[in-house]
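Try each one on the structure before reading on.

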Amino acid sequence: MKHYLSIKNIDSLPDWVSEARELKENPRAHKSLGEGKTICLLFFNNSLRTRLSTQKAAMNLGMEVMVMNFGSEGWQLEFEDEVIMDQGKSEHIKEAAKVVSQFCDIVAIRAFASLTDKEKDEAEVVLNGFKKYASITVVNMESSVAHPLQALADAITLEEQNTKTKPKVVLSWAPHPKALPHAVANSFVEMIQLQNADFVITHPKGYELNPEITKGIQIEYDQQRACENADFIYVKNWSSYSDYGKVLNQDSDWMMTQNKLGEAKFMHCLPVRRNVVVEDAVLDGEQSLVVEQANNRTYAAQIVLKKILDEIC
Ligand code: CP
């Protein structure tokens, strides 16, 4: 594995989940593996969990960590080729990626979707720009269309909590005042398709995800019906994909409640808006897995970094 950009870069999800759980038992077991190696975390957008868990994972492996809030501290980057740079952008990705490659062995990048230009977002210009011009390994810490570190942490959490051969897993849209990207939902869908699960997606009409990602998956527009007899309900807002980046619906009836949750475990990637996306009773109840999901972000990042270090060391 040269880069970790998508859940598709995992050769065997069960093996990775199992190895991540072993790391969780003894996080410092490979504390010499990353000695003399440096990871640079570049954030074009805000973060709490991704930043701290990836840093913690690298430290557990003995790596040095450099973090830069590129969006607010870096020069504005140009990604177009053969452009006359006489406007606001000061530095080209060609130089930036090569320069970063001199300072570290792995570069991890967070760069969200703009939600204004579908074609540009799907081209993953930031992530692919670094992939093209950097000479080191690139890790996706949430890009325009994917959040594979979150999906791997979710796979670990599901494995820890599941008691059934084929659990019913529901991905439910929920309302939100702002337009949010599709990355978490996309990667969750890709991850769950690698599991033995009875999987249903529920959302209002107009919120269909990229049909290439959801091909063959059951979509139920009645949220109550979708949630019946569920074992796990993963709640997430995303903006419209067909009417790209638009908020079409803020109907509070789609908020996750204890009544709809039933006996299911509640999952969300965080951050979450209380009493908009999900009611307090769910988040504060014993069926909520959100804090454990966040905890598992460390071991998801750690197994990814360990696999990379095993190759480059
Ligand atoms: N779930 C997640 O990626 O959290 P942060 O945005 O805080 O990193």
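## Exercise 1: A serine in a loop

S288 touches F266, V282 and L283, leaving out residues up to four places away in sequence. This is a predicted model.

Task: Find where S288 sits, and decide whether S288 is buried or exposed.

Solution. 
- Step 1. S288 is in the loop that runs between α12 (280-283) and α13 (290-312).
- Step 2. Apply the cut-off. Buried means under 20% relative accessible area. S288 has 17%, so S288 is buried.
- Step 3. A polar side-chain atom of S288 lies 3.5 Å from the backbone nitrogen of V290.

## Exercise 2: A strand and its partners

Task: Work out which strands are joined to β7, and in which direction they run, parallel or antiparallel.

Solution. 
- Step 1. Find β7. The strand spans residues 168-173.
- Step 2. Take one partner. β7 is joined by 5 bridges to β8 (residues 198-202), and the two run parallel. Here K168 stands opposite D198.
- Step 3. Take another partner. β10 (residues 232-236) is joined to β7 by 5 bridges, again running parallel. V169 stands opposite F232 there.
- Step 4. Check the cover. In β7, 6 of 6 residues are buried. One side holds K168, V170 and S172; the other holds V169, L171 and W173. Both faces are covered.

## Exercise 3: A buried lysine

Task: Explain why K168 counts as buried, and find which backbone oxygens its side chain meets.

Solution. 
- Step 1. K168 belongs to strand β7.
- Step 2. Use the cut-off of under 20%. K168 is buried because its relative accessible area is 14%.
- Step 3. List the surroundings. Beyond its neighbours within four places in sequence, K168 contacts several residues, including D198, V200, R225, N229 and F232.
- Step 4. Trace the side chain. A polar atom of the K168 side chain lies 2.9 Å from the backbone oxygen of A226. The side chain also reaches the backbone oxygen of E228, at 2.7 Å.
- Step 5. V65 is 103 residues away along the chain, and its C-alpha atom is 39 Å from that of K168.

## Exercise 4: The nonpolar cores

Task: Identify which residues have the most contacts inside the largest nonpolar core.

Solution. 
- Step 1. Take the largest core, with 57 residues. L152 and L171 have the most contacts inside it.
- Step 2. Ask which element gives the most. That is α13, with 8 residues.
- Step 3. Inspect L171. Neighbours within four places aside, L171 is in contact with A185, F188 and V189, among others. The list also includes F199, I201, Y234 and W238.
- Step 4. Look elsewhere. A second, separate core has 20 residues, among them L5, A97, V100 and Y133.

## Exercise 5: Around the ligand

Task: Find which residues surround the ligand, then pick out polar pairs.

Solution. 
- Step 1. List the surroundings. They are S47, L48, R49, T50, R110, H147, Q150, C269, L270 and R297.
- Step 2. Take the ligand oxygens. One oxygen atom is 2.7 Å from an N or O atom in the S47 side chain. A polar side-chain atom of R49 is 2.9 Å from an oxygen atom of the ligand.
- Step 3. A nitrogen atom of the ligand lies 2.9 Å from a backbone N or O atom of L270.

Notes:
Residues are numbered from 1 along each chain as its sequence is written. This is a predicted model: local features need pLDDT of at least 70, side-chain atom pairs count only at pLDDT 80 or more; totals for chains, interfaces and linings use all residues. Side-chain values use heavy atoms; hydrogens and water are left out. Buried means under 20% relative accessible area, exposed over 50%, partly exposed in between (1.4 Å probe, protein chains only). Helices (H or I, at least four residues) and strands (E, at least two) are DSSP runs, numbered from the N terminus. Two strands pair if DSSP finds at least two bridges between them. A polar contact is a pair of N or O atoms within 3.5 Å; within protein, one must be able to donate a hydrogen and the other to accept it, and residues adjacent in sequence count only if both atoms are side-chain atoms. Contact means heavy atoms within 4.5 Å. A nonpolar core is a set of buried Ala, Val, Leu, Ile, Met, Phe, Trp, Tyr and Cys residues joined through side-chain atoms within 4.5 Å. A residue is near a molecule or strand if one of its heavy atoms lies within 4 Å of it.
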